[in-house]
Amino acid sequence: MKIKHSVVIFFLLVVALGLLVFSYNYVFVRGIKFDSQPITEELIKSNEALEKKETINILIIEGGGVRGLIPLYVIQHIEKQLGKPVEEVFDVFSGVSTGAIIATSLNIPLSQLGRLDFDHDNISSRSERLIKVYEKESEFLFSVPWYHNVLTLNGYLSPQFMGTHLSEVLERNYSPVMNFTSLNNYVIIPSLDVHNGRLHLFKNRGIKALDLPTNTLYQLVAAASSAEAFFTPVDFVGPDKKITHRYFADAAITANDPANVILHDVIKNFPGKNYYLLILGSGIHPVHTMGFDYRSLKSWGKLRWFHDAIFSMTRSMDYQQIFSLEIAESLAPSRVKYDYLNVELIDPFVGPFDYKSIDKLKILSDRLIDENEEEIDKIVDYLKGEGS
């Protein structure tokens, strides 16, 4: 009887735990919903200045979570060499995920910086300010209560991190009233339209800005940086409160480096120009097989290969972008030029959400700068010539 009684208690505990897990993941986990607001034409700026330029300079920043500090440190280095902010020498800015945060933040008008919730004493540039934002907010963004990890099985049943934390951080970074169309330059932010599986480009200039689900900057960036499985996708709901099927999430799983997508769009809209792209990576993820010899690798099955399959795919996506640019450059050598700066994430390795190792990212960025010193000098010389 005691054994039977114990079995019943065990069964009831399992059922109770199952109900708790189900309730937490499918009832209590909060999504991110914003009201879809139509944009009026008077808020939209034209791209007339770009149409008059002979050369269009494009800055693209890859995704990578906290590793966005790597391209930020590189931008800071370039700005010191230039003696001016990058917003004055680049015409088009784009980035995926953390790159979207950087691309937009570098173009915040100075008149609007003062209303933000961060201490700006002794901050000399937008890039320096954003570095401090990353340092201050990463722990809040990428840490969760212990019970969340337990009840979601470390993110296997629900997003690993809190979408509300992402929304709060972005709202503090931009303020709740800053408009996407108010940014200083032409900014194109890729986001994945979850409903149809297509890459969608948020644009803050020209007639396409009328297609934006909202003009509120922090909400659009949330929609472009909500990494699948880590944050909940963003839902924009129309005035009638009906589902609009405009669900957006991080585009990194389809285009972590959006270089050829952005170049194609710029060429289509501004044909007959010269085009220069500077692509800044946030670290090349090492493959797991680097640490094993053939004797170990020969017996690997699906479980062991799964880790490398994911990261080999992301490396391949980035390389494909570069191959496409090389083809474009070879076909039109006087029209298309590009530079790509990145660094292997080895010694130290820092994961995209590893806020505890955020200080080590300076080591990686310094290595990137040292390994590409000559190329960076040429980039600065080119940008100085464009600026003059």
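**Helix packing and nonpolar cores**

Helix H3 crosses helix H6 in a left-handed manner. In this predicted model, H3 spans residues 69-82 and H6 spans residues 126-142, and the two helices pack with their axes 9 Å apart at an angle of about 155°. Because angles over 145 degrees count as roughly antiparallel, H3 is assigned as roughly antiparallel to H6. On the H3 side, the contact is formed by Leu69, Leu72, Tyr73, Ile75, Gln76 and Glu79; H6 contributes Ser127, Glu128, Leu130, Ile131, Tyr134 and Glu135. By residue class, this contact of H3 with H6 comprises 7 nonpolar, 2 polar and 3 charged residues.

In soluble globular proteins, nonpolar side chains tend to be buried together. The largest nonpolar core contains 77 residues, and Leu59, Phe90, Tyr174, Phe180 and Leu278 have the most contacts inside it. H3 gives the most to this core, supplying 8 residues. When neighbours within four places in sequence are left aside, Phe180 is in contact with Thr104, Val187, Ile189, Phe202, Lys203, Asn204, Leu212, Asn215, Leu217 and Leu220.

Ala332 lies in the loop that links helix H13 (302-331) to strand E9 (336-341). With a relative accessible area of 24%, Ala332 is classed as partly exposed, since a residue counts as buried under 20% and as exposed over 50%. Although Ala332 and Asn274 are 58 residues apart in sequence, their C-alpha atoms are 9.4 Å apart in space.

Definitions and conventions
Residues numbered from 1 in each chain as written. Predicted model: local features only at pLDDT ≥ 70, side-chain atom pairs only at ≥ 80, totals over all residues. Heavy atoms only, no water. Axes fitted to C-alpha atoms, helices over the stretch in contact; angles between N-to-C directions. Helix = DSSP H or I, 4+ residues; strand = E, 2+ residues; numbered from the N terminus. Parallel < 35°, antiparallel > 145°, perpendicular 65-115°, else oblique. Left-handed = near helix turned anticlockwise from the far one by under 90°. Contact = heavy atoms within 4.5 Å. Nonpolar A, V, L, I, M, F, W, Y, C, P; charged D, E, K, R; others polar. Core = buried A, V, L, I, M, F, W, Y, C linked by side-chain atoms within 4.5 Å. Buried < 20%, exposed > 50% of the residue type's maximum accessible area, 1.4 Å probe, protein only.
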